[in-house]
Amino acid sequence: GQPLGPRRLSLKPIPKVPDMEAFLREALVKVKKEARGCLAPELCFQAVRAAAERPFAEGVRRERELFQVLLTSGQARALQHAFFAERAVRRWATPGGASWSSAAPQPVRKAAVIGLGTMGRGIVTSLVKANIPLVALEQDLEYLNKGRKAVMLLLEREAMKMEGGAQTLDFHNPARLQFTVDFDLLRDVDLVIEAVFENMALKKEIFHKLSKICKPGALLCTNTSALNIDEIASATSCPQQVIGTHFFSPAHVMRLLEIIYGRHTSPTAIATAMQLAKALKKVGVVVGNCFGFAGNRMMFPYVQQAVFLLEEGSRPEAVDQVLEDFGFKIGPFRMSDLAGLDVGWRSRKDQGLTGPSLPAGTPARQRHGQRYSPLPDLLCEQGRFGQKTGKGWYQYEKAGGRTATPDPWLHNFLSQYRDTHRIKTRFIDQEEILERCLFSLINEGFAILDEGIASGPEHLD
């Protein structure tokens, strides 16, 4: 029998939060840090602020204004493009006429991973999370035990993030995950992913062995970031079964999986690799075979420009900040430190760009008639490989540390380097940093399209 009071939420007074200003100030700082370069989260914050501070009708009006801004923004168009591009890459095709519509994948009931370094561990973790039984192989017991420990740690961490915990992953069950040094255990697997370090002779030796041991239909995948797939396949008796599956570090986190076909790779092999990407909840992108494929090939000139900017007067933290504020999750120098500077160094030595094989009298800052910066090589000679050694483009609290702080040693080193090569230090503004890094990346993308290495712009995006 009580009278019904006003039931409309919009008519109720807004409860006051104690110390509202300070609360909103902190929230904004947090939003800006977590969503660098992204418009939408900041405008969401403004909408919530309007709801807290103004009457209902005004708050709704403000929210509509903010929404209109987002709706017509370049960022919204870009995000829509990215959304559809991720779906478009499932429809792959090769210049040879193979395509997603005519090729059917083979089932992968059991897999194997060779090599339990950083990449191998992440790949094993991805396969376990996708419920694919697998064998993890290393060359000797010492490496195997070290690798097993690291993998178990990764899996424990992943299990904690999942509902149902470790039961759902069941990685202590040897029928699901088996560690071994014995190649004979690979006789019945449907797919092998080789993840040893970037050395052509070593990879060819492994693939030669695999083509003798594995069953005839088994897919032989290499997680190379730049090496020639055809040359690796030439060591086998079944080049049609060889394909590149290039995971990005850390492999159990990054969603991109670059799938590289060689001259002889069969359409079934490509379809199976794409099906694997889907099972691992990754975005598989099919590209052709050239040095660095698509991802790393675009990355080379981008990172190179960043290093040129240091030569001319910038600092790693300044370059990283501009690119991170623009919206990249991680700038080029923090990324190099994370991946390890020695990886690129080894590759440049193999290409004869640096090291003892270089002819005497080669100018320090030129290679093959092109501008070249030896800065990354000089850091490696000092044993500065990035996070793993605690020093790279930045310094870290310890070897393996993750918190990058600017390093006075490096600033000093850069100014000595400029003196040696008579480079005049100049101030470089944010616009120049952004344009030089991004245009290098974009131009290389056009070259990749032009050569038919990628079949459409969405694949590169």
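This is a predicted model: local features need pLDDT of at least 70, side-chain atom pairs count only at pLDDT 80 or more; totals for chains, interfaces and linings use all residues.
**Ground rules.** Local features need pLDDT of at least 70 and side-chain atom pairs 80 or more, while totals for chains, interfaces and linings use all residues. I number residues from 1 along each chain as its sequence is written, and side-chain values use heavy atoms, without hydrogens and water.

**Cores.** I looked up the nonpolar cores (buried Ala, Val, Leu, Ile, Met, Phe, Trp, Tyr and Cys joined through side-chain atoms within 4.5 Å; buried is under 20% relative accessible area, exposed over 50%, partly exposed in between, with a 1.4 Å probe on protein chains only). The largest has 43 residues, and V124, L127 and L177 touch the most other members. Helix α10 (residues 267–279) gives the largest share, seven residues. Helices are DSSP runs of H or I, at least four residues, and strands are runs of E, at least two, numbered from the N terminus. Apart from this core lies another of 36 residues, including C214 and L227.

**Salt bridges.** I searched for a side-chain nitrogen of Lys or Arg within 4 Å of a carboxyl oxygen of Asp or Glu. The whole structure gave 29 salt bridges. R49 and E53 pair at 3.2 Å, N to O. Both sit in helix α2 (residues 39–53), four residues apart, about one turn. R49 is partly exposed at 23% relative accessible area, and E53 is partly exposed at 43%.

I then checked R436, which bridges to E432 with the closest N and O atoms 2.7 Å apart. Both lie in helix α17 (residues 430–450). A salt-bridge network links R436 and E432 with E311, E312, R365, R371 and R426.
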